[in-house]
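The sequence and structure are shown first.

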Amino acid sequence: MKRHELIVIGAGPAGLSAAIEAKKNGMDVIVFDENQRPGGQLFKQIHKEHHAKTRGFIIGQQLLKEAEDLGVRVELDSTVMGIYENKEVTVKQNGEVHHYKGDAIIIATGAAENMIPFKGWNIPGVIGAGAAQTMMNIQGVQPGSKILMVGSGNVGLVVSFQLLQAGCEVAAIIDAAPRVGGYGVHAAKLARTGVPFYLSHTVVEAKGTDRVTGAVIAQVDEHFQPIPGTEKELDVDTICIAVGLTPMSQLASNATCDMELIPQKGGHVALLSEYGETSVEGIYCAGDVAGIEEASSAMIQGRSVASHVSMKAGYLTEDEFESKYQGYQEALGQLRQGMFAPKNKGRNDFTETDEGYPISKTLLAHGYMTEEELSKFPAASYQKAGIHPVIECTQNIPCNPCQDACHFGCIKVGENITRLPAIDEEKKCTGCGLCVASCSGQAIFLVDETYEEGFASVTFPYEFLPMPKIGDKGKALDRQGKPVCDAEIVGIKKTPIMDKTAVVTMKVPLEYVHAARFYRAEV
């Protein structure tokens with residue numbers, strides 16, 4: 001039996017962060033992961049994490065490099081089969097079962113995708129959102145040509161956008177809930193491309209025999225049951241399921257940790273102390289296995305838990321641990337505020353933002369906001385002579401890259417990162433576009449109503465191929481994805497600091513400056 005001071009199970013964001021923290025503190029650490037490559041879900045994510053401000057796969061690369069530089073031992077293709085008395089672990093490696101013993105164990109196994117049953121759900125072409133991400137972002141394969149996305153949470157919204165980036169058509173996004181489940185900015189960037197939302201709808205059948213040839217959806221009643229006569233058939237070849245995640249807590253249960261069903265955390269989870277320790281001394285949980293959250297929270301949790309392990313092992317004094325712990329808790333506290341905080345999971349009674357602005361009903365029902373609704377938000381309806389930002393971010397989400405991107409202080413979020421961005425009217429916008437490129441939700445635009453006599457310019461983020469060229473002419477689309485006027489591309493910026501987000505400027509007739517938010521090339 002091989003012994004280590006700390007065994008970490010899972011090489012995702014929480015597990016790698018925990019291993020790095022423990023190794024920095026001087027501990028002997030080994031990490032097991034059943035996959036062929038480490039990094040967990042991060043390497044499937046090409047979008048920019050809101051708080052981390054960096055694309056998911058780059059965060060994964062940074063964690064891997066830090067772990068490698070520190071000499072963290074990561075064992076891949078290593079399936080942990082069980083945790084037994086005295087923290088003994090059995091691991092299947094190369095077809096053989098090996099025995100390890102840890103002074104402490106951190107379970108960071110993440111979460112598994114949920115599935116819903118419907119007629120034809122086992123036909124090829126019905127896939128999970130994680131599988132779609134793997135095909136697109138790891139294997140470079142289109143999951144299909146026309147996709148129905150089932151689920152409007154952040155996973156469904158983000159993966160839908162990535163499907164568009166991969167050249168697929170998203171026929172619709174449906175959800176049995178009566179409102180969009182994910183961040184409004186993610187819904188809005190889809191709606192302005194023309195993707196329709198069907199809320200209070202579910203999929204009732206996948207058409208086809210050896211492959212998906214269509215999908216039947218239907219409206220649901222208040223009990224989420226399909227309403228006869230409301231069926232609609234969609235011409236799709238792929239049905240992508242994104243209906244939530246469930247913590248993979250089997251190992252914690254196997255280790256006889258006290259468990260409880262907590263819907264706000266996603267399912268059955270181990271009961272944890274404030275430091276992440278289970279009822280079995282020396283066994284901890286971190287990341288999605290402890291409760292579904294975003295990658296930023298998982299990384300902080302991993303470091304926090306590892307610092308407690310290090311303190312108990314004598315590698316940190318109590319004062320050193322307390323200092324680290326307080327810092328991690330403050331960071332987590334910031335991420336766990338706002339209407340999307342874990343404690344608010346399942347709530348649908350929010351009517352105002354923290355600042356007292358009315359939450360858009362159109363956004364929740366259709367994925368976009370009306371100009372009348374946006375007029376209630378100072379940053380979204382801001383007007384000033386010359387070029388200036390317009391920020392259509394209207395929900396309290398943990399995000400502040402725009403504040404850091406503006407070197408002139410035009411945009412302020414403040415210490416509370418779930419506050420809505422505000423525009424400092426005393427500062428002058430230079431039109432550099434860094435705020436546009438940095439916004440994880442693609443909700444910032446630059447507007448110049450004095451661009452030319454009778455014309456205005458609208459600058460927006462663009463992450464699709466082929467890239468438009470200066471002089472190209474097409475149609476400006478509104479927030480619903482409908483053409484509203486002719487548009488001409490008059491500027492394109494794409495620099496390394498913009499991290500592959502192009503900042504495109506189009507010229508539109510002045511009367512459409514407040515409606516035009518996207519561009520479609522002439523075919």
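Which residue lies over the face of Phe161? In this predicted model, Lys189 takes that position, at 4.5 Å from the centre of the Phe161 ring.

The structure holds twelve aromatic pairs. In one of them, Phe464 and Phe518 have ring centres 6.1 Å apart and planes at 80 degrees; the angle is over 60 degrees, so this pair counts as edge-to-face. Phe464 is in the loop between strand S24 (455-462) and strand S25 (473-477), while Phe518 is in strand S28 (residues 518-521), so their contact ties together parts that are 54 residues apart in sequence. Both Phe464 and Phe518 are buried.

## The second largest pocket

S28 has the largest share, with four residues. By residue class, the lining of the second largest pocket divides into 16 nonpolar, four polar and three charged.

## Cavities

How many cavities of 30 Å³ or more does the structure contain? The count comes to four. The largest cavity holds about 160 Å³ of space. Its lining is made up of 15 residues, of which Gly184, Ala188, Leu363, Met369 and Glu392 are the closest to the centre.

Helix H5 (residues 184-191) gives the most to the lining of the largest cavity, with three residues. The lining residues of this cavity divide into nine nonpolar, three polar and three charged.

## Salt bridges

Side chains of opposite charge can pair when their charged atoms come close. A search of the whole structure finds 18 salt bridges. Among them is the bridge between Glu281 and Lys312, with the closest N and O atoms 3.7 Å apart. This pair links distant parts of the chain: Glu281 is in the loop between strand S18 (267-270) and strand S19 (283-285), and Lys312 is in helix H7 (residues 295-312), 31 residues away. Glu281 is exposed, at 59% relative accessibility, whereas Lys312 is partly exposed, at 40%.

Other bridges include Arg73 with Glu75, where the closest N and O atoms are 2.8 Å apart. Arg73 has a relative accessible area of 35%, so this residue counts as partly exposed. Asp349 and Arg347 also meet through their side chains in a salt bridge, at 2.9 Å from N to O. Here Asp349 is partly exposed, at 46% relative accessibility, and Arg347 is partly exposed as well, at 42%. Lys119, Glu205 and Lys207 are linked in a network of salt bridges.

Definitions and conventions: Residues numbered from 1 in each chain as written. Predicted model: local features only at pLDDT ≥ 70, side-chain atom pairs only at ≥ 80, totals over all residues. Heavy atoms only, no water. Phe/Tyr/Trp six-rings, centres within 6.5 Å; stacked < 30°, edge-to-face > 60°. Helix = DSSP H or I, 4+ residues; strand = E, 2+ residues; numbered from the N terminus. Buried < 20%, exposed > 50% of the residue type's maximum accessible area, 1.4 Å probe, protein only. Lys NZ or Arg CZ within 6 Å of the ring centre and 35° of its normal. 1 Å grid on protein atoms, 1.4 Å probe; cavity = no way out; pocket = protein on both sides within 12 Å on 5 of 7 lines; lining within 4 Å. Points joined across faces, edges and corners; volume = space filled by probe spheres on them. Nonpolar A, V, L, I, M, F, W, Y, C, P; charged D, E, K, R; others polar. Salt bridge = Lys/Arg side-chain N within 4 Å of Asp/Glu carboxyl O.
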